[in-house]
Structure formats: C-alpha cells, structure tokens
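Please look over the structure below. A short report on its build follows.

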Amino acid sequence: MCGIVGAIADRDVVPVLIEGLKRLEYRGYDSAGIAVVTEDRVRRVRRTGRVSEMESAAKAEHFTSSLGIGHTRWATHGGVTEDNAHPHISHGELALVHNGIIENHEQQRERLRGLGYTFESQTDTEVIAHLIHHYRAQGATLLGALQTAVRELDGAYALAVIDKRDPERMVAARMGCPLLIGLGDGENFVASDVSAIITSTRRVIFLEEGDTAELTREAVHVFGADGEPVQRDEHLSDVSLASMELGPYRHFMQKEIHEQPRAIADTIEALIGSNAFTPELFGSQAEDVLRDIDCVQILACGTSYYAGLTARYWIEAMVGIPCAVEVASEYRYRTVVANPRQLVVTLSQSGETLDTMEALKYAKSLGHERTLSICNVPESAIPRASRLVYYTRAGAEIGVASTKAFTTQLVALFTLAVTLAKLRGKLSDGQEEELLDSLRHLPGSVQHALNLEPQIALWAERFAPRQHALFLGRGVHYPIALEGALKLKEITYIHAEAYPAGELKHGPLALVDKDMPVVVIAPNDRLLEKVKSNMQEVRARGGELFVFTDADSQFGESEGVHVIRTPRHVGMLSPILHTIPVQLLAYHTALARGTDVDKPRNLAKSVTVE
Ligand code: F6R
C-alpha cells in the first residue's frame, strides 16, 4: 500500500526519492509524488499512474534539492486523481506525506475551515498538513507543531514533513503504521520500508508507536509518545538487494515461485541444524509459553489465513488440542471468550497487515499473553508486538500475489505442530526423525514439482479464455484449493471459487456444465476415493476436470479428465507440494491473458488500512 521515502543530505536527493519510490512500487499504488524544498520554495510534482511517469515530469521541471519527501498512494479517501496524490501542501510552505487513515478528519476539516483553511483534495491527509501549519503559524517549531497536531488525530499514521521556512530539517511521526529512519554519513532518511533506502544505508532505527523524530543531515533525535527524548536501538538491515531484482525471470511472481526450494531450505535451516523440534526455535521463552497451552487460535488474512486453515488439520491431528482459525478482520470485532491457556498465533508475511495487528492487540487486551507471530519481515510491527516469533526466511516477496511466503508459512506451522506434539509427549523419537527427514527432503520435492511447469503452461492456455473456474479439495488439501482459487482470481481476474469437494452436491454443482473447468487437488491420501466420487459428479454434468495428484494414486486420464502428477507422495507435507502447481497454473494463465502479474489491479502488497 502507500509508501513513504524522505531524505536530507548534502547531495541532490531527487534521484534518491525516485529510486526509493520505485523500490516501493511492489506494495501496490495508484499515484506518486515528491516535494522538495529548494530556493526558499516548496516544489512538488504528482502524477496518477506509474512512478516512471512522475519521474519524467520531475525531470522536465529540473528539480534538484537536498531536502525532500516522496510518496506512493493507494487511494482510500478520495479517488485516484492528481489532487488527491501526496505530498499535500499547506499555504505553499509545508509539505507532508502520510500512510494510514485519520478517522476524525471530518471534524478536523470543519475546524480548519473555520480557521480559514481551504482544501484542494478529498483526502484525510490534507487536514494534517493544515493542522501542522496552523500550529506553526502560532509560533511552534516544526517538531513542536507536529507533536501538537498528532495529539489531535484519531487513527493511524506514518508522517514525514518538510517546511520551506526550516530547510535544514525534516520531521516524522508514527502511530499504527510502520516508519523507520535510515542513518547515513552526513545524510539521513525516513522510509516506510527499508527497501526504499537500501542503496543509501542499511543502518536503521524503527520508530515505535507514538514516536516523533527530527532529522538534520548530522543528527537524528527521537521522542517518545510523551514528547521526551528516547533512545531507539540501531539495527543493520540484512534485506538482500538480489531479492529485489528480477534477474533472468519475466516477473517477480515467477522468480518467487522458483525460489521456493531455497526459501524452504532457509526457513528450516535452524531446525535441521539442531536436529530436533525444540521450543527454542520459537524464541527463548517458548518452552514456558507453549508447554501447557490447551488450544490454539490462529489469526490472519488472505493467503496467510489459508496457511492457518491448513495448520488446523496438522495441529488437531498431531497435538490433539483444538485449533480455531479466523480471519483477523472478523475476530477483532467479535465478542471473544478469552482463555489464558490459549496460544494466539498471528500469521503475516509483511508483519504490517492492519487487520492482523489489530486482532493481535484485541487478543492481548482480553488478557491473552501467549502470543506467537509467524512472519517474513524481521522487526515488523506484528512480531514486535508478539511474545514469540518464528521468522520465515523466504527473502523479500515483491510480487503482490503471495507464493514463497505461503509455503514457508506452512513449513513454520508444520514445525509448530510437531513441536507442540513433542512437548505433549505425543511423538516418539522414531516419528520425530521421520518428520525431520521428510522436511529435509521437501526442497528437493518442491524442485521436482516446479519441473511440471511446461505441462501446466499447456493447461493454462485452456484456462485463459474462461470466465469462471471451480477448485475442489478435501481435508488438508481443501485450503490449497482455496489458495489456488485466490491466486487465479487475483492475477487473471477469472472468477474462481473453491469448495470442499464433498460440499459440491449441496449447491455449487448447479454451476457445473461443459464450460466450467474444475481443478481438483487429489493426492493419494485417505480421502482420495471420496474425491474420486466427487469428480464423477462433475463428469456426469459435463464438467471438465483438471486434476493434480501424486505419483502413488492409481487413476489416469480419460475423456474430460486431465491429470498432472507431482513426482512423489510426501505424506503430511503434501499440501505444501500441491501448492506449487496451483501457483504455476495461475501464473501461466495470467501470462496467457496478458494481465499485470506482479501488480494486479486494485491490490496492494501490504494492506495497512482497514
Ligand atoms: C494473496 C495475498 C494476500 C495476503 C494478505 C495478508 O496473494 O498476498 O491475501 O496474504 O493481504 O498479508 P500478510 O500475510 O502480509 O499479512
């Protein structure tokens, strides 16, 4: 979603801002802009569409400056127009960029109108620019005006502000949306995401909730929610530049699908190294937290939610305790019966998803102290708010449609299930060794599944002209059917629905005719015979079946039944392996339809609004 970058330096920062915005493009946006202070003026360029269009406009205007801010906007309040794009300017003096949503913007707008301010946009953001300007006009410093203004805002924000009357300074604030400071040599930066500044510095300070900060070229001062100076730790970011470059691939999604063997191997490295499922994999306090839990509540959104649904099968089967899985945006507004022995697990690739973060805060407010976050972005908000953390090591995921983050989440959840089973005495040494072995072989099996790409690309040609598709699965593979349908609709815009195969006859069968392709996830497990019966129900109505199964299942192709086999059966890890073909099917169908694979319409990578 929206992205922020800002810089104060001894060099021209315009290229830094533009490169930063390009690196933030993956998050999803619909307009972009920069503002700089130069020759006692605030100058700004904004464009709807791509950063490259805004870049050309900035070049045409010959912008140069040593102080500036930039933004990619994903519209919430007000349509996709240049007037609504950030930065917003108050009285030609002060420019501001904002991520998040200000809930009391209407009251503030009325108040500021009464004070003589006029509005050029429909955004909630413009009120913040005027509010800070208002306090500046009363004599406050830039930092003081920001600190007073944010106390009057309800909602979430990450802000960066510059003012032509104070060209040696930039100020920033954070509440509910991530913001970090990059420390350079004689230059400093702000960014919503470290990728935006990674070519300038790896030294970063993560602002905490309620913090404000003042940056000059030489110094950074951070203030806590009470306005008093605070020290925040400096971190060295290990984000790899390679993970942000396309290399030989056509799309980041294709690259990330192919990175899965490595991403899985990296995610299980510590486990394989210790040769045992130990609680310490989840943090130093994990044994205390995990030992006497009596149920698990998983909270997540989208693809991460489907990872949670898969884990429920593993946890209940192996650990023998109840596991509930809920969409975070539902949980956070529901009356929940608290249980102090419940383990609350939040799943989030980005670690920033607002709904998941709010669900976690809600769980904690109910007294849930046993919290675990499984996340792919170190130091992001959700793991920082959790007691235990397991970082998946998928590397930066740039494609909006999640792929390697999903399979590595599954690996982490499988590790959790086995660890809990072991803590409860439900795992013999032999079983532990067997499960370790199957995880050890998983990257190789995933590589074999990737080799099915040419066959799947042929299927994709047949999917490309379709308007609708059904996905079916049973048991632990039902969430993989859900994931397959989500991937297809996200990047191809084909309407796709997933059902537990046994549910077909209770309604969706009415949709099946010769024009309805039906994808079935049907590995050789104890439900295979049931799935076969469900497939007959489809064939009897003329539906065309596209079946993903594994080497062990004994059925072949026939009229209207197409089959692709993953090369081996991997037991309980089968849902991970069967994710690969559905990802490839969505990817190649999108290629055949010519859609924007990495930036599907209307979607954002990090969903930092409700
Ligand atoms: C789908 C997808 C989204 C995310 C969801 C949660 O491909 O990527 O559904 O899974 O927005 O995001 P995280 O995992 O970052 O909390």
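The report goes from the whole chain to single parts.

## Basis of the model

This is a predicted model, in which local features need pLDDT of at least 70, side-chain atom pairs count only at pLDDT 80 or more, and totals for chains, interfaces and linings use all residues. Residues are numbered from 1 along each chain as its sequence is written, and side-chain values use heavy atoms, with hydrogens and water left out.

## Overall build

The protein has 19 helices and 25 strands. Both are DSSP runs numbered from the N terminus: helices are H or I with at least four residues, strands are E with at least two.

The radius of gyration is 25 Å, which agrees with the value near 25 Å for a compact globule of 610 residues. That radius is taken over C-alpha atoms, and the globule rule is 2.2 Å times the number of residues to the power 0.38. Along the principal axes, the C-alpha atoms fill a box of roughly 80 × 55 × 45 Å.

## Burial, surface and charge

Of the 610 residues, 61% are buried. Buried means under 20% relative accessible area, exposed over 50%, and partly exposed in between (1.4 Å probe, protein chains only). The accessible surface is about 22,600 Å², and carbon and sulfur atoms hold 48% of it. Accessible areas come from the Shrake-Rupley method with a 1.4 Å probe; for residues, only the protein chains shown count as cover.

There are 62 positive and 80 negative side chains. Lys and Arg count as positive, Asp and Glu as negative; His and the chain ends are not counted. The centres of the two sets lie 3 Å apart, with each charge placed at NZ of Lys, CZ of Arg, CG of Asp or CD of Glu.

## Domains

The domain assignment gives domain 1 (3–239), domain 2 (246–447) and domain 3 (453–593). The bounds come from an automatic or database domain assignment. Domain 2 and domain 3 have C-alpha centres 26 Å apart. Their contact takes 31 residues from domain 2 and 25 residues from domain 3. Contact means heavy atoms within 4.5 Å.

## Helix 5

Helix 5 spans residues 142–151. Eight of its 10 residues are buried, so helix 5 is largely enclosed by the rest of the structure. Among the buried ones are Leu142, Leu146 and Val150. Their cover includes helix 4 (126–137), strand 7 (157–163) and strand 12 (212–215).

## Asparagine 534

Asparagine 534 sits in helix 18 (residues 528–540). Asparagine 534 is buried, with a relative accessible area of 3%. Beyond its neighbours within four places in sequence, asparagine 534 is in contact with Arg474, Ala501, Gly502 and Leu504.
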